[in-house]
Every structure is written in C-alpha cells, then in structure tokens.
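Subject: Structure for your review

Dear colleague,

Please find below the structure for your study. I would ask you to keep it open while reading the notes.

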Amino acid sequence: MTLRLYNTLTKKEEEFTPLDPESKRVTFYACGPTVYDYAHIGNFRSFLNADVLRRVLELVGYDVKQVMNMTDVGHMTDDELADGAGQDKMQVAGQRLLEAKKAGTLPTDAGEIDPTDPYAVADFYVHAFIEDSRKLGLKIIADADKQPELMPRPTRYVEQMIKLVEKLIENDHAYVASDGVVYFSVQSYPAYGELSGNTPDKIRSGEGGRVDEKTQLVKKHPADFMLWKPDASHVMKWPSPWGEGYPGWHLECSVMAVSLLGQETNGVIDIHSGGEDNIFPHHECEVAQTCCSTGESHFARYWFHTRFLIVENQKMSKSKGNFYTLNDLLAKGASPAAVRLELIKTHYRSQSNFTFRGLTDSQRQIDRWARLKTWLETNKNESLNQPGPLTAALPAFIAALCNDLNISGAIGVLNDAASKHDVANSPENSKGKFTYAAELDALNQMDSVLGVLDLQQSASLSDTDVDVKRIEELIEKRNAARSSKDWKEADRVRDELVDMGIAIKDNPTGTTWSKIVSS
Ligand code: AMP
Ligand code: ZN
C-alpha cells in the first residue's frame with residue numbers, strides 16, 4: 001500500500017518513496033532529546049510519533065534504519081541567539097543534580113555520580129531516557145541495545161564537526177568573524193529559508209526571531225549562525241583550528257545523520273523528524289550546513305514534524321508544574337501503555353491536549369483490546385465460516401495509517417471490528433476454513449503500530465500494587481448481582497472496587513477495569 005506523508009519541505013502531502021525504492025531501505029534520522037534533564041511527555045509525543053511512523057513504514061514492508069541522537073553538547077541557556085550565548089545547559093543540569101544529591105532526592109539506582117563532570121551528568125540523563133523509552137516501547141531502544149551507535153552522542157563526533165566547519169570555510173559558506181567565532185553565512189546559500197519560510201530577508205526585518213545586537217555588529221547577516229565558538233573557559237571544550245572551544249548545536253545532526261545514514265548517498269537521507277519548534281532554526285540550519293558541504297540540493301527528502309502537546313488545555317511550563325515526566329504519571333497510577341496511547345492518539349499535525357481523563361480512557365481502551373487478545377488466544381484453534389472482523393478490517397486499518405498517519409481513523413477501524421466480536425460470534429457456531437488464529441494475527445499486526453498490547457502484558461506481569469485476582473473476583477461477583485437484578489449489591493461491589501482505586505466499564509465484550517489516575 002502506498003504511504004502518503006505530509007512533507008514540511010514542500011508543504012503538501014506526498015507519496016513516500018525511498019531514495020532506493022528497489023532495496024526497500026529507509027534511512028530515518030529522528031532528532032532526539034537534550035540530555036540535560038528528564039524528558040517530559042511533550043518530548044515523548046515527538047519521539048512516539050516518530051516511532052509510529054517507523055512502525056507504519058515497517059508494516060508496509062520497509063526496512064528502516066533509524067538513528068536518534070542524545071544531545072550532550074551545544075545547548076546554551078540563551079539558545080534563541082545564534083551565537084552560543086549564556087551558560088552551558090549541562091553545567092546548569094550538574095548544579096541541579098548536585099542540589100538533588102544534597103537533598104537526597106536522586107533515584108536510588110543513580111549510583112555515585114559526580115555532578116561537576118558533564119559526561120557523568122549526560123550519562124545519568126541518557127540512562128533515564130533509555131529506561132523511559134523502553135517502558136514506552138520505542139523501537140529504537142531495541143535496535144540500540146544491539147547497535148549503540150544508533151543513539152549517538154555528539155561529544156563523540158566533534159572531530160567530524162570540525163572537518164565540516166573547515167569544509168564550509170573552504171567553500172565560502174562560513175567565515176571567522178572579528179570576535180573569533182565561526183559563523184555560517186546564510187547569504188551564501190540561496191535556499192536558506194526554504195524549509196521554514198524564514199528567509200534571510202525576513203530575518204533581517206525582524207520577523208525570523210530574536211537577533212542579538214552585540215553579535216550583529218560582527219556578523220555579515222543577523223541570521224548567520226554559530227558553527228564554532230572559541231572559549232577556553234567553557235566546561236566542555238575541544239582543540240580546533242579556531243582555538244579551544246565548542247561546536248554550534250546544529251552541527252551535530254548534520255554530522256551524525258551523514259556519518260550514520262548517508263555514507264552511500266552523498267549525505268542524502270530519506271526522513272528527518274522532530275517537534276515543530278525544530279523547524280527553525282535547527283532544521284533550517286542543518287539543511288544549510290549539510291547541502292553546502294555535500295553539494296546536494298537535499299539533505300532529508302521528507303521532513304516530518306509533530307505539533308506540540310499541551311496539558312489540560314494549558315501550555316506546558318515550569319511555573320504551572322505541568323511538565324510531567326513518565327515517572328510522574330506512573331507514580332499517579334498510570335500504565336506505560338496508557339501513556340503511550342494517550343500521546344499518540346491525536347494526529348501528529350494537530351495540537352494534542354493531554355488530560356488525565358483521556359489517560360483513563362486510553363487505559364480502558366487498551367484493557368478492552370487486551371481482553372479481546374486473551375479471548376482470541378484461548379480460541380485460536382477454532383474455525384470461522386468467513387474472515388473474522390479484524391482480518392476483514394486490517395486493510396482499512398493500514399489504509400488509514402497510510403493516509404498521512406490517520407491514527408484516530410485506524411483506532412476507529414480497530415474498535416468497530418472489536419465490537420463485532422461479541423458472544424453471538426462464538427467459535428462453536430462456525431466450522432469454516434478461517435480461524436481465530438488469523439484474527440489474532442490481524443490484531444497483532446494492528447498492535448505492531450499502536451505498540452500497546454505488548455507493553456500492557458509486561459506491565460500487568462510486573463503490576464505488584466494491584467491484586468488482579470481480587471479485582472477479577474469482584475467483577476464476577478458484580479456481574480452475578482447484575483444478572484439477578486440485584487442492583488444494590490452490584491453498586492456496592494463497584495464502590496468496593498473504586499475504594500481499591502479501580503474503575504470499571506461495561507462493554508459489549510465484557511467488563512474492563514483500569515486503575516483510576518488522579519491529577
Ligand atoms: P529538547 O530535549 O528540548 O531538545 O526536545 C526534544 C524534542 O521534543 C524536540 O524534537 C522538541 O521539538 C520536542 N518537544 C519539546 N516540547 C514539546 C511539546 N510540548 N510537544 C511536542 N514535542 C515537544
Ligand atoms: Zn537535530
């Protein structure tokens with residue numbers, strides 16, 4: 001089936017074809033986290049949408065090589081300025097860890113970390129990110145378990161970054177300014193602004209973002225951005241032809257994407273993803289650096305950007321205290337599978353509103369699918385007269401996803417099919433050539449994109465804080481009371497479950513339960 005994707009570069013939906021259609025190989029670079037702090041659910045919305053895209057590509061038969069960087073260098077507290085101003089964020093993170101260490105609030109498995117060592121701070125947050133991503137089912141983690149270079153760290157690529165800067169200076173795309181800083185010259189690259197719409201003219205007139213008055217005096221153009229900053233006092237520094245210092249933060253992705261994915265294609269890759277804020281300046285600058293060093297007209301052929309997540313209708317902000325991490329939600333009783341579904345169920349190009357109510361609904365939905373899966377597993381050797389509803393629905397499920405990842409459409413198709421699995425459809429009634437094993441396979445294929453049922457299974461196995469057996473006994477007791485129309489007893493049992501922190505819902509396929517998640 002043909003996959004259609006919206007491409008930020010062309011600003012329209014396009015048919016996806018990889019660079020080498022015969023090989024079925026897709027190269028995919030996902031902008032990853034900065035490892036100066038724990039990733040929050042907004043970050044994970046971006047990473048999970050990239051994961052869904054990767055899973056859809058695999059479902060339709062592509063072999064995806066995905067790389068996701070762990071940014072451990074290059075970000076300053078004043079990132080909006082293009083000159084590397086402000087304090088190194090890694091240093092700020094170290095100070096925060098030091099305070100947490102003194103207060104005794106570091107996780108017990110953090111071990112002995114030295115918060116003054118930026119590499120140790122980065123290690124701490126990389127470890128936390130990998131653990132969260134594993135819980136949320138990001139497929140890149142399993143790849144990186146086997147090939148750690150698929151989750152590269154820019155501090156290990158500084159030599160290649162220096163080579164790239166040298167090449168850009170050689171080709172007159174970069175210059176050393178009077179302040180000793182190396183800048184990329186945006187006027188040397190006529191396509192600058194094609195991705196984001198922020199052309200040098202617009203930036204000069206102030207439309208393209210903040211411009212620092214101090215550096216404006218030394219730069220050829222206000223939009224010129226920093227490639228190397230000599231600063232011997234900096235916490236992370238490397239020798240270079242322009243003095244000891246550090247690289248600009250856009251360099252890393254150009255270098256690592258080309259090294260790990262674009263070696264055989266002169267630096268051209270198929271897909272590059274990130275959050276909407278990455279479009280400018282980050283991705284615009286990546287394109288400029290890469291194309292000016294490869295001479296190609298493209299860096300990534302398709303640009304995939306996820307719109308931001310807001311929380312309970314409000315922008316995420318430190319002051320509102322709504323910067324939830326995965327662990328914050330798990331501590332409130334959510335399951336990783338519910339968090340995953342809640343973060344992917346809104347179309348990636350629409351703003352997503354995270355709510356605790358939505359999280360509870362996601363859990364209910366997963367419980368319903370999980371019950372269906374268990375039922376299909378139990379009955380998988382039974383036969384059917386005709387293809388079962390899930391088997392029949394699979395093409396429509398895939399078609400929805402191939403329509404620019406219409407995930408809510410796909411979930412709707414799954415739910416319609418699931419609701420046809422009622423008791424009337426019981427296996428004893430049919431003796432045909434189709435089997436419930438095919439139904440199970442169709443459900444598993446759908447879940448290969450949603451990625452929640454496997455997570456759900458592993459979560460319930462490790463669920464030590466709920467007494468699953470007791471919950472199921474109470475549900476049976478309530479159902480018995482309902483059958484004998486003893487509504488008082490049914491309500492009493494429901495209340496007992498609520499007191500245990502368990503919500504129940506009656507569906508055509510039976511009663512499902514979920515942990516009540518409170519805000
Ligand atoms: P950072 O670690 O700040 O560089 O962010 C990592 C990724 O998360 C980037 O691709 C951002 O675009 C993305 N991101 C940050 N905040 C949000 C949000 N509220 N919603 C969706 N994506 C976000
Ligand atoms: Zn990047």
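The notes below cover the metal site, the cysteines and the aromatic rings.

This is a predicted model, in which local features need pLDDT of at least 70 and side-chain atom pairs count only at pLDDT 80 or more, while totals for chains, interfaces and linings use all residues. Residues are numbered from 1 along each chain as its sequence is written, chains are lettered from A and ligands numbered from 1 in the order in which they are written, and side-chain values use heavy atoms, with hydrogens and water left out.

The zinc ion (ligand 2) has Cys31 (SG), Cys253 (SG) and His282 (NE2) as protein donors, lying 2.1 Å from it. Donors are N, O and S atoms within 2.8 Å of the metal (3.2 Å for Na, K and Ca); water is not among the atoms, so sites may look incomplete. Both Cys31 and His282 are buried (under 20% relative accessible area; exposed is over 50%, partly exposed in between, with a 1.4 Å probe and protein chains only).

The structure holds zero disulfides, a disulfide being a pair of cysteine sulfur atoms within 2.5 Å. The sulfur of Cys292 is 7.0 Å from the closest cysteine sulfur, in Cys291, which is too far for a bond.

A search of the whole structure gives 17 aromatic pairs. Rings of Phe, Tyr and Trp (its six-membered ring) pair if their centres lie within 6.5 Å; planes under 30 degrees apart count as stacked, over 60 as edge-to-face and the rest as tilted. Phe44 and Phe129 are stacked, because their ring centres are 5.5 Å apart and their planes at 5 degrees.

Yours sincerely
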